[in-house]
Structure formats: structure tokens, C-alpha cells
Amino acid sequence: MSPSFADLFTARDRDAFWSALAADGPVSRGHYLDGTEIWLVTGYPESLTVLTDPRFSSDVAKQSAIDVAGAIGLPEDVAPYLMRTLGAYDPPDHTRLRRLVSREFTARRVERLRPRIEQIVDDLLAGLPEECDLIEDFAYPLPIRVICELLGVPEADLDVWRGWAADLSAPDLERIAGGARGLVGYMAELIERKRERGGEDLLSALTAVRDGDGDRLGDDELIAMSISILIAGHETTVGLLSQSVHLLLTHPDLLTFLRADPQRIPAAVEEFLRCTGPAEIAVMRYALQPVELGGTVIPAGEAVQVVYAAANRDPRRFDGPALLDPARPDNGHLGFGHGLHYCLGAALARAETQIALRSLLERFPRLALAVPSAEITWQPGMKRALTSLPVRTCGRP
């Protein structure tokens, strides 16, 4: 039987799961929780084709072969808000939406955030006890506070929407539906408040942004875009930061290498993205016509999903792909996607992770795991995520 994403919920070693899948060839058959069949693309060059070739569409409306919302557990009343994100459009719609959003979500805005990110990092590190869960006490609150301030989401609402966001990755279709409805309702109300009162935050700007022709985001588009930014804006960084620290604390030579020269951290973060990036699979694409891919013909209308986790370890693209090399000279990983749908928040995730790692290593020169590495566990689900990361800060310098 073809592999199922349900198998990820019980896989003890996710890398081994993806490696076994890739061993079947660069393109293979798989299926979702409800049994819906899809094509899984694990080869690097084949992944680039899917991500850039216009014969593959990101628009679910251009196919009728499968019920995508049903396959991933979204109820019909809120499915459009969770599925019609920026990554689910083709040009010219994608071009229009990206232009409107990128006017506000710019690298310049992120760069202006660096001093504030550094301040939040310092505040969080100053409050860490000598033994703590680094995810709960640092890796999670850092991007949450940053994205809440950037987007204009009240931090007091954190616990509410955090639960809904977690439900979206649950192996339970009812929980997925409940999380989706909760997030959509919450964001619709928040947008109305922003429209009435305004503010200096990103969400307020998005409610008013228009391009040179007077075009603007529709209400449904605004809700979908805001949810996408909110979820991606914290989940990606939580995963990237916590998994990066886990790699450092389980690879002493790597930790010593970065401590000797913190200027190496940005390149190391790129390698962490390749080896253990939090985004393991891409948004679905759909073949608009029969396409030969990796020796397999994908019929028109069928769903295709790129597996970043496997493509980033393709030996045809990377020398020694299983080797963790923080000085890898040619690291064209797909950790943030590729092409038109390259992650809008990549600059923010990089900035947060780089600042956090540098400050963490400087402040705690004897940082270590508080439990044997074998006791560190991973959450079951569609995304790579540690359950917890118990550490000892071992006192301050």
C-alpha cells in the first residue's frame, strides 16, 4: 500500500520515513488521512519543476479530481479561509495579492524590527531559570511576541488562538475543524476592530492598503492572509529555533564551531533549514495537463505534493546530503520553498533565529540538555516539531 501521512504520526524517525519514501524514486504514490491519493515528489530537480512549471497549478479551483478540503479535514464553511492563502493562487491573482501584501511585509520593515527582536530575546533569556523547557520558555514566546506586535494581535489572546493553531496539525479531523472555525471567527472580529480604530501595525495597514490602480484586499482575502501570516509567523520560527538548538546540543563539535566565531551562525541556519527545516512538505499543486516527471506521467487534474524534507537530501543536488555541514558552500535548500511562492516571512524567520542563537550561545556558554538525548521526543503530526527541549543553562557568565 502507498505511504500515508497518517504514518508520520507513528514514525519514530521522520528522516528515515522520508528516506524510505525517496528510495522508491523521485515520484511516488501516497495518500492523506482520509485515503485521498496524491503524488509525492521527493527528488530535488523534480521538486523544482513542480514549484516553477506553469503546468502545475496552486489553485484548487482548477482541479476537480479530489476534495482537497475533505482530504485535510477542513469544514466547507471555513475551508476557503485556510486554503486560499497566498500560496494557493496562480498569476495573475497571485501577482496581485503578493504585490499588495509585500508593500507592507517588506525586508525593510523586518530590518527595522531587529532592535526590538534583540530586546525581546534579552528579556526572555534574562528570565530563564537554570533548568527549563527551552521551547515553552523561549523558542515559542519569542516569535509569538514578535508576530503579535508586527501584525497587531493582542498578546492577551495568545492562549486562545494558540490552541486553535495547534488543532490544525492534529491527527483528528474534528479538532482540525474546530481549530479552523475558531481562527476564522477570531480573525474576522479582529479585522473589524482594526478597520474601526486603525493603528501602526501590519494588520491595520493591510486593511487600508491599495495599489496604484486602487485595488485592495477583499474581506475574505484579508482574513485568509492574516491567518496565514499569524500561523506561519510563529510556527516556522518555533520549529527552526528549537530544532537548531537541539542539533547544537547533540553535536558538540558543531556547537564549538559556532561559539568560536558567531559570524558563522547565518550560514549554519541555512544548513539547519536544509537538514531539519520545520516545513517538510509544500502546499498541494495540481497538474493542468499530463506531465512527465521523474519517469512518471502525472495525469491532468491530479494532486502533487513536494516533500521538502526529502528533496533537501537528494544526493543528486547535495554532496554528502546526510552530513550536517554549517559551512556548506552551495546550500540551495528548499526550506522556504522556491519560485513565485517563496515564503513571504523568510527574512523574519531568519532574523529571529540568527539573533536568538547568537544571544543564547553568548549568554549561556555551558548550555546543555537536561535529559539524555534519547529522551527528547517529537510531536506526532504533519509538521516536524519537538515535544519539549529540557535544558540546563548552568548559570550565567
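**Helix packing and cores, talked through**

Modeller: Let's start with a pair of helices in this predicted model. The axes of α6 (residues 107–126) and α8 (residues 141–151) come within 10 Å and cross at roughly 140°.

Colleague: What makes α6 oblique to α8?

Modeller: Roughly antiparallel needs an angle over 145 degrees, and roughly perpendicular covers 65 to 115. The two axes cross at roughly 140°, which makes α6 oblique to α8. As for handedness, α6 passes α8 in a right-handed crossing.

Colleague: Which residues make the contact?

Modeller: On α6, Arg109, Leu113, Arg116, Ile117, Ile120, Val121, Asp123 and Leu124; on α8, Pro141, Leu142, Arg145, Val146, Glu149 and Leu150. Sorted by kind, the residues of that contact are 9 nonpolar, no polar and 5 charged.

Colleague: And what does Leu142 touch, leaving aside neighbours within four places in sequence?

Modeller: Leu142 is in contact with Ile117, Ile120, Val121 and Leu124, and also with Leu241, Glu352 and Ala356.

Colleague: Where does Leu142 stand in the largest nonpolar core?

Modeller: That core has 82 residues, and Leu142 is listed with Phe138 and Phe272 as having the most contacts inside it. Helix α12 gives the largest share of this core, 14 residues.

Colleague: How does α12 pack with α16?

Modeller: The angle between α12 and α16 (residues 346–363) is about 35°, with the axes 10 Å apart. This crossing is right-handed. From α12, Gly233, Thr236, Thr237, Leu240, Leu241, Ser244, Val245 and Leu248 meet Ala349, Glu352, Thr353, Ala356, Leu357, Leu360 and Leu361 of α16. The contact residues divide into 9 nonpolar, 5 polar and 1 charged.

Colleague: What do the buried residues of α9 pack against?

Modeller: They pack against α8, α10 (173–197) and α12 (219–250). The buried residues of α9 (residues 158–167) are Leu158, Trp161, Ala165 and Asp167.

Colleague: Now Thr42. Why does Thr42 count as buried?

Modeller: Buried means under 20% relative accessible area. Thr42 has 3% relative accessibility, so Thr42 counts as buried. Thr42 sits in the loop between β2 (37–41) and α2 (44–52).

Colleague: What is Thr42 in contact with, again leaving aside neighbours within four places in sequence?

Modeller: Leu21, Ala22, Gly25, Pro26, Ser47, Val307, Ala310 and Ala311.

Key: Residues numbered from 1 in each chain as written. Predicted model: local features only at pLDDT ≥ 70, side-chain atom pairs only at ≥ 80, totals over all residues. Heavy atoms only, no water. Axes fitted to C-alpha atoms, helices over the stretch in contact; angles between N-to-C directions. Helix = DSSP H or I, 4+ residues; strand = E, 2+ residues; numbered from the N terminus. Parallel < 35°, antiparallel > 145°, perpendicular 65-115°, else oblique. Left-handed = near helix turned anticlockwise from the far one by under 90°. Contact = heavy atoms within 4.5 Å. Nonpolar A, V, L, I, M, F, W, Y, C, P; charged D, E, K, R; others polar. Buried < 20%, exposed > 50% of the residue type's maximum accessible area, 1.4 Å probe, protein only. Core = buried A, V, L, I, M, F, W, Y, C linked by side-chain atoms within 4.5 Å.
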